[in-house]
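Here's a quick briefing to read with the model open on your screen.

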Amino acid sequence: MTENSQSSTPTQDSGTSTPGSGSAGDAPATEFKVYKPPNSPTTSAPLEELPDSYFTPSPADLKAAQATLSARTRSLVDAPLQVRAQREAAEKSKRDRWPNTTIRVRFSDRTQLEKIFPSTDKIRSVYAFVRSSLRDDVKPIKFILYQSPPKRDLKVSDPNVRDLSLAQLQLAPSSVLLLRFEDESLNGTNVPAPLLPSIAASAIELPKPPSAEVEDRKVENSATSPTTTSSTSTGKKIPKWLKAGLKK
């Protein structure tokens, strides 16, 4: 049976689970996490309407966009000029830097499954993991894993996808993939993720991202610490000729 396929930051916590085999005897025996849908308020304050001038690009915006487009064009033109050895060296560098890839699969109700795969694995490994986590009545239903935006289907039936590793698909070191069932009744935002009861019961809260104040403080510390170290070390070293001048 042909399957169709379709990227937040991994965390270490106590929400680790091991799926049961159920009726699909190929359920993975490795650890994974399942996150509950984030708690969002049902009502929120209306957003302030932005003026038309906000959407008009400035000369700086146009210049930056042109530079990005030019760089992308050059990379596409120069790509065929890379020799095979260079391409292989670049791939090896990626594998050595990111030997594992963390994949989060997000259902329509925003429940998320997270698992770490070897970066050399193919997308079919992600499909097998997701399917083994579904309820028995949903396992036969086809689904697609995809990225958005921009929209990119990761189909097992696509030779340009199935024959590439997760690293070659640019999914390393971590990515969130969205899931869409062929049965539209399972894709509603109010439809709970059709996971095995044992897996759904192990769901934990999604970790909160660090606050902006914490991030700003880290940036300030990293920006000021080199200067402080430099000035301190400079103050300790006095040239010999200056020492002689001070003694006079």
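Arg-110 counts as partly exposed because its relative accessibility is 41%; that label covers the range between buried (under 20% relative accessible area) and exposed (over 50%), using a 1.4 Å probe and protein chains only. Keep in mind that this is a predicted model, where local features need pLDDT of at least 70, side-chain atom pairs count only at pLDDT 80 or more, and totals for chains, interfaces and linings use all residues. Residues are numbered from 1 along each chain as its sequence is written, and side-chain values use heavy atoms, with hydrogens and water left out.

- Most residues other than glycine have a negative phi, and most peptide bonds are trans.
- Arg-110 has a positive phi, near 80°, and lies in the loop between E3 and E4.
- Gln-170 also has a positive phi, near 65°, and its place is in the loop between H4 and E7.
- Ser-148 and Pro-149 are joined by a cis peptide bond with omega of about -15°.
- Going from Pro-149 to Pro-150, the peptide bond is cis too, with omega near -15°.
- Look for Pro-149 in the loop between E5 and strand E6 (152–153); Pro-150 lies in the loop between E5 and E6 as well.

**The overall chain**

- You'll find 7 helices and 7 strands in the protein chain, where helices (H or I, at least four residues) and strands (E, at least two) are DSSP runs numbered from the N terminus.
- Along the sequence, the pattern reads β-β-α-α-β-β-α-β-β-α-β-α-α-α.
- The protein chain has 248 residues, and 27% of them count as buried.
- Its accessible surface is about 16,700 Å², with 55% belonging to carbon and sulfur atoms; such areas come from the Shrake-Rupley method with a 1.4 Å probe.

- In soluble globular proteins, nonpolar side chains tend to be buried together.
- The largest nonpolar core here has 35 residues, and Leu-113, Ile-123 and Val-126 touch the most other members. A core of this kind is a set of buried Ala, Val, Leu, Ile, Met, Phe, Trp, Tyr and Cys residues joined through side-chain atoms within 4.5 Å.
- At least two residues of this core come from each of strand E2 (32–35), strand E3 (100–106), E4, H3, E5 and E7.
- H3 is largely enclosed by the rest of the structure, because 8 of its 11 residues are buried.
- Those buried H3 residues include Ile-123, Val-126, Arg-131 and Ser-132.
- Beyond its neighbours within four places in sequence, Val-126 is in contact (heavy atoms within 4.5 Å) with Ile-103, Val-105, Phe-117, Leu-145, Leu-166 and Leu-177.

**Aromatic rings**

- The structure holds 4 aromatic pairs. Rings of Phe, Tyr and Trp (its six-membered ring) pair if their centres lie within 6.5 Å; planes under 30 degrees apart count as stacked, over 60 as edge-to-face and the rest as tilted.
- One of these pairs is Phe-117 with Phe-129, edge-to-face at 6.1 Å centre to centre with 75° between the planes.
- Phe-117 is in strand E4 (residues 112–118) and Phe-129 in helix H3 (residues 123–133), so this pair ties together parts that are 12 residues apart in sequence.
- Both Phe-117 and Phe-129 are buried.
- Tyr-127 and Phe-143 make a stacked pair, 5.1 Å centre to centre with 15° between the planes.
- That pair links distant parts of the chain, 16 residues apart: Tyr-127 sits in helix H3 and Phe-143 in strand E5 (residues 143–147).
- Tyr-127 and Phe-143 are both buried.

**Charges over Tyr-146**

- Lys-151 lies over the face of Tyr-146, 5.0 Å from the ring centre.
- Arg-180 also has its charged end over the ring of Tyr-146, 5.0 Å from the centre. The cut-off is NZ of Lys or CZ of Arg within 6 Å of the ring centre and within 35 degrees of the ring normal.

**Two buried serines**

- Ser-165 lies in the loop between helix H4 (159–162) and strand E7 (174–181), and counts as buried because its relative accessibility is 10%.
- Leaving out residues up to four places away in sequence, Ser-165 touches Ser-119, Thr-120, Asp-121 and Lys-122.
- Ser-175 is in strand E7 and, at 3% relative accessibility, is buried.
- A polar atom of the Ser-175 side chain lies 2.7 Å from the backbone oxygen of Leu-171.

Note on methods:
A polar contact is a pair of N or O atoms within 3.5 Å; within protein, one must be able to donate a hydrogen and the other to accept it, and residues adjacent in sequence count only if both atoms are side-chain atoms.
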